[in-house]
Amino acid sequence: MLSMIPRRVPQASAGEAARPATPRRGALEGAARPSAVDADALAFHRECLVLDLHIDTLLWVRLLGYDLARPHRNRLPYSPFAWHFDLERAALGGLKSCVFGLVINPREVRPELMLPLRFLAWWEQGERGSGLPQTLETIDLLSRAAAANPSRISFCKSGSELRQAVAAGRFAGLAALEGAQGIEGRLEDVRTAYERGLRMLGLVHFQATEAAYPMTVPAFDDVGLTPFGIELIAEMERLGMVVDLAHVNARGIDDALRVMKRSFVVSHTACRALVEHSRNLDDAQIRRIADGGGVVGIAFGNTFVKGDLSGFLDHVEHGIRVGGADAIALGSDFDGMIVPVRGMEDVTVYPRITQGLLARGQPHEIVRKVLGENALRVITEVCG
Ligand SMILES: [Zn+2]
């Protein structure tokens, strides 16, 4: 990963920042061309509110000075890790909004933390390189991107703000924390982050937190949420912040389902019945999550779903069969150190999902829900 980090990319000049959101021809190179999608599917796609529940680009904004508003291109075959998102390609793909995940280093690294995140924690070590200070600083990166490009992107704090921004032609971004290490086991810190604009919080990432244990470490299989995790959920529901159960282990999901009173998400995951992977959900979990008013975002990475776009669509359809049409959404995990499956290399690919689902006989109203309305329903129910 070290060798992949180029020097800081140049910032956009004021003139570039003011440029209208029309995609440049160059942005199409190497990307999925919407022209590969038939006109009817594309027209339908363009009228849908497409919302992705998990995109990690702010990590690269923080590390590399990556500019959301400039067109970028994938640099490596199979487009691993990053360079998946920018506003121009989002416009090409008809992606109107997303939840930006904040990848925050734990203050103390524990043995279970996966290698790239260990490296990240070491690379960013220092006073502001972890915990709440890093959370607030990363939220501010989104505020600054919105302030620098007010006609193109809005930092939204509710579902109604999100819908308004999209109606006005702006990309709508919401901020979410990927793991409670970003609030360091303190309820006052979740309130501070809320005031700064945080509207979703995952209880855990790859390392145990004060709240919960990751599903990726078998040693934690027998423990559920901590007492603090239960308190945190209650405080988030009181504030109007969406609980995200992605990465939470099975016992933790059980505990959360017992105590949660409001809708919630599992922002980026897939179906274990199709791909046996520790980050995926089994059918019984999907059913109970759906019964509890939860929405499951299906990820695009090749560890979650296998093969290509068709493999991804299998997970969407399986999720609908098991959990119902109100329970499934998109949660790409773009820019989250993933290798997307073939044909889903960056944010231009969303029209292909629409075409693929329609071609498989899914009704337009179900496709519209999966593309964004289900995710927006939860955000609006919880955040207003
Ligand atoms: Zn994740």
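Helices here are DSSP runs of H or I with at least four residues, strands are E runs of at least two, and both are numbered from the N terminus. This is a predicted model, where local features need pLDDT of at least 70, side-chain atom pairs count only at pLDDT 80 or more, and totals for chains, interfaces and linings use all residues. Residues are numbered from 1 along each chain as its sequence is written.

**View 1. H84 sits in the loop between α3 (58-64) and α4 (87-92).** A residue is called buried if 20 or more other C-beta atoms lie within 10 Å of its own, exposed if 12 or fewer, and partly exposed in between, with C-beta atoms placed from the backbone. H84 counts as buried because it has 28 C-beta neighbours inside 10 Å. Contact here means that the C-beta atoms of two residues, placed from the backbone, lie within 7 Å. Leaving out residues up to four places away in sequence, H84 touches S79, F334, D335, D346 and V347.

View 2. Most residues other than glycine have a negative phi. F81 counts as buried because it has 20 C-beta neighbours inside 10 Å.

View 3. Axes are lines fitted to C-alpha atoms, for helices over the stretch in contact, and angles run from 0 to 180 degrees between N-to-C directions. On the α11 side you'll find D283, I286, R287, I289 and A290, which meet G319, V322 and G323 of α12. Sorted by class, this contact has four nonpolar, two polar and two charged residues. Nonpolar means Ala, Val, Leu, Ile, Met, Phe, Trp, Tyr, Cys and Pro, charged means Asp, Glu, Lys and Arg, and the others, Gly among them, are polar.

**View 4. Next come α13 (residues 350-359) and α14 (residues 364-383), crossing at roughly 150°.** Their axes come within 10 Å. That angle makes α13 roughly antiparallel to α14, a label for angles over 145 degrees, while under 35 is roughly parallel, 65 to 115 roughly perpendicular and the rest oblique. T354, L357 and L358 of α13 meet V367, V370 and L371 of α14. This contact has five nonpolar residues, one polar and no charged ones.

**View 5. Most of α13 is covered, with eight of its 10 residues buried.** Among the buried ones are Y350, P351 and R352. The cover includes α2 (39-47), α12 and α14. Just after α13, G361 takes a positive phi of about 95°.

**View 6. The largest nonpolar core has 111 residues, and L201, V242 and V296 touch the most other members.** A nonpolar core is a set of buried Ala, Val, Leu, Ile, Met, Phe, Trp, Tyr and Cys residues joined through C-beta atoms within 7 Å. α14 gives the most to this core, with 10 residues. Not counting residues up to four places away in sequence, L201 touches several residues, including A176, L177, V190 and M236.
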